[in-house]
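Good morning, and thank you for the time. Please look at the structure on the screen while I take you through the surroundings of the ligand, the confidence scores and the packing of several helices.

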Amino acid sequence: MSDVLLSIENLSKGFSSSGRRIAALDNVSLTIAAGETLGLVGASGSGKSTLSRVLLRLLAADTGAIGFEGEDWLALKGAALRRKRARMQMVFQDPLAAFNPLAAVDTVLDDPLRIHDVVPRDRRASEIAMLLERVGLPADYAFRPVRSLSGGQRQRVAIARAIATRPSLLVLDEAVSALDVTVRGRILELLVDLQREMGIACLFISHDLAVVRAVSHRIAVMDGGRIVETGPAASVVAAPQSDAARALVAAVPRLVTEPS
Ligand SMILES: Nc1ncnc2c1ncn2[C@@H]1O[C@H](COP(=O)(O)OP(=O)(O)OP(=O)(O)O)[C@@H](O)[C@H]1O
């Protein structure tokens, strides 16, 4: 896993709020290798969402650079950016906010296949069936409205949609935070399976260190807009070096951090 897929270099982003300047991102640098899951963890307000929004080009950085699949990601525009977006997909906390809740599942999955021309039109229905199977949903769920699904099933549809364009990187921002604990466990297992079988790299963002630990090869810890610690997931949990990481470890119930 040494091929660098994503490199974030000296990224900074400030906001002005009530006359004060907030450094939401302060010289952030990190890399993700092809097929690697990097967990990004930090307390509320540490800058995680700002980083994901800048990475997804939903928000412009003040300074810094991002290389993705060997290209200058922040310089891409127009058709070239739209094409490249197929390679970096996202899963958010609330799938209902991400797609039309009245739409049927097959419509939600057909959109990326059509927009990015992933397979010819006559193969899209079988591709949708394959995607549903891949995320553990029966093929006849294609005809159900998204609104009729449970939270976990909706998140499976969101993951199916994200992998539909055959991305090399998934950005998951608090993707399991709204799910109850058993459903959360199953979605985390699905993500680990997908990552192993399809070789997709993930940036897995959460405020919850136990969740991040369950899926990540490496963990980066954010505090006050900075990356204050990066290391193998097991080391960051077992021997945190920064105050921010120590506080996050202390917040995890002991049962989760102790080896079985
Ligand atoms: N649009 C904005 N205008 C002003 N300040 C902002 C804006 N967006 C974020 N901030 C500030 O930037 C800092 C980082 O926020 P960010 O949402 O990135 O943190 P976070 O780690 O994702 O937190 P949370 O887990 O609560 O979402 C915070 O101090 C926040 O108040």
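Let me begin with a definition: a residue is near a molecule or strand if its C-beta atom, placed from the backbone, lies within 6 Å of it. What we have here is a predicted model, in which local features need pLDDT of at least 70 and side-chain atom pairs count only at pLDDT 80 or more, while totals for chains, interfaces and linings use all residues. Residues are numbered from 1 along each chain as its sequence is written.

First, the ligand. Around the ligand there are 13 residues, and Phe15, Ala24, Ser44, Ser49 and Thr50 come nearest. By class, this shell holds three nonpolar, nine polar and one charged residue. Here Ala, Val, Leu, Ile, Met, Phe, Trp, Tyr, Cys and Pro count as nonpolar, Asp, Glu, Lys and Arg as charged, and the others, Gly among them, as polar.

Which elements supply at least two residues each of the shell? They are strand 1 (4–17), strand 2 (20–33) and helix 1 (48–55). Helix 1 gives the most, with three residues. Helices (H or I, at least four residues) and strands (E, at least two) are DSSP runs, numbered from the N terminus.

Next, confidence. The chain averages a pLDDT of 90, and 97% of the residues score at least 70; pLDDT is the predictor's confidence in each residue, from 0 to 100. Among the elements of the chain, strand 4 (residues 63–68) has the highest mean pLDDT (97), and helix 11 (residues 254–257) the lowest (53). The model scores ipTM 0.95 and pTM 0.91.

I turn now to helix 6 and its partners. The axes of helix 4 (residues 105–115) and helix 6 (residues 151–164) come within 8 Å and cross at roughly 20 degrees. That makes helix 4 roughly parallel to helix 6. Angles under 35 degrees count as roughly parallel, over 145 as roughly antiparallel, 65 to 115 as roughly perpendicular and the rest as oblique. Axes are lines fitted to C-alpha atoms, for helices over the stretch in contact, and angles run from 0 to 180 degrees between N-to-C directions.

In this pair, Val105, Val108, Leu109, Pro112 and Leu113 of helix 4 meet Val157, Ala160, Arg161 and Ala164 of helix 6, where contact requires C-beta atoms, placed from the backbone, within 7 Å. The residues of this contact are eight nonpolar, no polar and one charged.

Helix 5 (residues 124–134) packs against helix 6 at an angle of about 125 degrees, with the axes 9 Å apart. Helix 5 is therefore oblique to helix 6. Leu131, Leu132 and Arg134 in helix 5 meet Ala160, Ile163 and Ala164 in helix 6. That contact has five nonpolar residues, no polar ones and one charged.

Finally, at what angle do helix 6 and helix 7 (residues 181–198) pack? The angle is about 15 degrees, and their axes are 10 Å apart, so the two helices are roughly parallel to each other. Residues of helix 6 in this contact include Gly151, Gln155 and Ile159, and those of helix 7 include Val183, Leu190 and Met198. The contact divides into seven nonpolar, three polar and two charged residues.

Technical notes: Two residues are in contact if their C-beta atoms, placed from the backbone, lie within 7 Å.
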